[in-house]
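The sequence and the coordinates come first, and the notes follow.

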Amino acid sequence: MRVFYFLLIFSALILAATLMIQNFTQDPTRQLKVMKDMSFFAMSIFCTIFAIVATANLIPKDIEDRTLYTILAKPVPRFEYLFGKYLGGMLVIFVSVTVMTILLSAFLYLRQEALLSDLQEYMQVAEQEAEQAPGAIENEGLDLARVEASSLRAQGPSWSLLAAVVAISLQAMVLGAITLCVSTFASSGLFTVVVAFVVFFVGYIEPVVVDSWRSSPEGISGFSNLLISAVGVVFPNFQSFNLVDGIVAGETLPSGW
Amino acid sequence: MTSKRWLAVLLLIVFGAVRMPFEQRIEAGLKAAHFREGVTVPDDSMREQLGQLGAAAALGGFRSFLATMFELQATTAYANKDYEKVSKHYLLATQLHPREAGYWEMAGWMMGFNAVAYYLGEETEGKYSTAMRVNLARKSVDEALRFLENGLRYVPNDYGINRNLGNLLVRKKGDFCGAAEAFGRAADSMDGPSLAQRHHVYNLAYCPGQEEEAYSKLKALGKFFKGGPNPLPDERIPPAFLFHIRYFEKLFDIPAEDRFKSLLDLGALYEKLRRNFEVGQQYEKRHVLNMQRLEDVLDIPKSNRIPFGKKSLRPLQGGAN
């Protein structure tokens, strides 16, 4: 499937990010952060677009090819047909995300190891200098290297990265389900795609806007509150899947997630 | 509408009503764990800078990525020595991702040291008047302070932010008390002894009203130097530590047997340092104070002391002290 070409682009992107960032910053922690930012950005974009565009075309394509009539003429319940289509789409996402996660972890691990070994060498030299220099038993370089080493270890591959990947995948699953649902009654594929993107953006933006309103000094009137609740009932809160920003910054995932 | 469609709408509402409390619980958990810091509706000025697409991306879960892009732009602006843009891009990066300590730390360093060196250096000579250059440098320092102090609101225990704040306060503001506090926090964020700990004590030694605390911390530092299985030989005792502790021993009239034991010759150190000091040159306030303290400790007569005046201080050295 052509979609897997994206994985090649993804690998090229991480590699490019790794090489490019070395020209911008000498800070090892920032180098790993940029790698993660770019990879998660590519992963999110891929999953979101794929979940919407690929799922939106599943049923229209079956109708166009007349495969749908052949399938439904047999004793296959509609639910099973839809569920099978949905699982097929999600499987592609699952496989792609797994490959991307393996690639990201491998690149991260290799870069982290290279940076840590550079840092170890630097620390040995700094320790020797501190020992030889009169009046100095610690030095700034040593302090910085110690802090850097601990943040470098925190920025490498970890379980929390996996949590971010799971969140991105779950978001794609919800989005795929919504798109498939819309495509069952939509008159065109374009309509399905547009509706799915609108649901996605409303689901992302609505919680932030509501928070902002609630914290404003004017507060929210009773009617607005009702309206907000109605929107909340219809549109899923996609912010709940937004873990990447926090995880890249090194936050610890709450136990309830 | 047919009854099936009504059923679909009803199902959507029921499912939504069941789903909402779960989502609210997740949101509350994520907020408590700082996952939502910086997730706000962008204000007019931020929207203008981000553009409509950028604002949508910021709300759509790509804040970290956008912040990285702005940091890269800030780095490019730094290479072009356009510090106005450096500040603008770091402002956006920090607003988008306020829990990422590195942005605050770098913004503080860029504006507090690199921009100041540029404005007061040879490159701007002739381009702006001296008063304007000093004014621009002062504004940069204030901006750097704002970055670092705002950063501490989000990541109060970060080593890098506190270290940069300490350096900025002592080197560009002459504020020893503020610097001592910042270095203290930096030292607390590290395991074991650190240079930040020493900076904390040395700055505290110049903080009015903190003399007793400074002396007690110097004594603890002395125990660290001389105690343990591998006590340091005299030649490796930091001279700054020695003249500070000698100053307080004199100030508090500590009996000879209770004083810190060291054969290090502070007189020789003074002579060596004095040879490097030139009348008419400008120095940082901490260096001037160090020399004066050394002169106090060595009882150098007033007539033989280095004649420091107001003009001996570099620009931006007038602080809280």
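The model is predicted. Chain B has 13 helices and zero strands, and its contact with chain A takes 47 residues from chain B and 46 residues from chain A. Two helix pairs are described here, one inside chain B and one that joins chain A to chain B.

**Chain B as a whole**

- From the N terminus on, the elements of chain B run α-α-α-α-α-α-α-α-α-α-α-α-α, with no strand among them.
- The radius of gyration of chain B is 27 Å, whereas a compact globule of 321 residues would have one near 20 Å.
- The C-alpha trace of chain B spans about 105 × 55 × 30 Å along its principal axes.
- Buried residues make up 40% of the 321 residues of chain B.
- Among the contacts in chain B with a separation of 6 or more, 63% join residues 24 or more positions apart.

**The contact between chain A and chain B**

- Chain B gives 47 residues to this contact and chain A gives 46 residues.
- On the side of chain B that touches chain A, the elements that give two or more residues are helix H1 (3–32), helix H3 (63–79), helix H7 (159–173) and helix H9 (195–204) of chain B.
- H1(B) gives the most to that side, with 13 residues.
- By class, the residues on the side of chain B that touches chain A are 24 nonpolar, 13 polar and ten charged.

- The crossing in which H2(A) passes H3(B) is left-handed.
- H2(A) makes the contact with A:Val34, A:Asp37, A:Met38 and A:Phe41, and H3(B) with B:Ser64, B:Phe65 and B:Thr68.
- These residues divide into four nonpolar, two polar and one charged.

**A helix pair within chain B: H5(B) and H7(B)**

- Helix H5 of chain B covers residues 101–120 and packs against H7(B) at an angle of about 20 degrees, with the axes 9 Å apart.
- Angles under 35 degrees count as roughly parallel, so H5(B) and H7(B) are roughly parallel to each other.
- H5(B) and H7(B) have a left-handed crossing.
- On the H5(B) side the contact consists of B:Ala101, B:Trp104, B:Glu105, B:Gly108, B:Trp109, B:Gly112 and B:Val116.
- On the H7(B) side it consists of B:Gly160, B:Ile161, B:Asn164, B:Leu165, B:Leu168 and B:Lys172.
- The contact of H5(B) with H7(B) has seven nonpolar, four polar and two charged residues.
- H7(B) is also one of the elements that give two or more residues to the side of chain B that touches chain A.

**One residue in chain A: A:Val199**

- A:Val199 lies in helix H8 of chain A, which covers residues 189–215.
- A residue is buried if 20 or more other C-beta atoms lie within 10 Å of its own; A:Val199 has 21 and is therefore buried.
- Leaving out residues up to four places away in sequence, A:Val199 touches A:Ile178 and A:Phe235.
- A:Leu175 is 24 residues from A:Val199 along the chain, and their C-alpha atoms are separated by 8.5 Å.

Conventions:
Residues numbered from 1 in each chain as written. Chains lettered and ligands numbered in written order. Predicted model: local features only at pLDDT ≥ 70, side-chain atom pairs only at ≥ 80, totals over all residues. Contact = placed C-beta atoms within 7 Å. Helix = DSSP H or I, 4+ residues; strand = E, 2+ residues; numbered from the N terminus. Nonpolar A, V, L, I, M, F, W, Y, C, P; charged D, E, K, R; others polar. Axes fitted to C-alpha atoms, helices over the stretch in contact; angles between N-to-C directions. Parallel < 35°, antiparallel > 145°, perpendicular 65-115°, else oblique. Left-handed = near helix turned anticlockwise from the far one by under 90°. Rg over C-alpha atoms; globule rule 2.2 N^0.38 Å. Buried ≥ 20, exposed ≤ 12 C-beta atoms within 10 Å, placed from the backbone.
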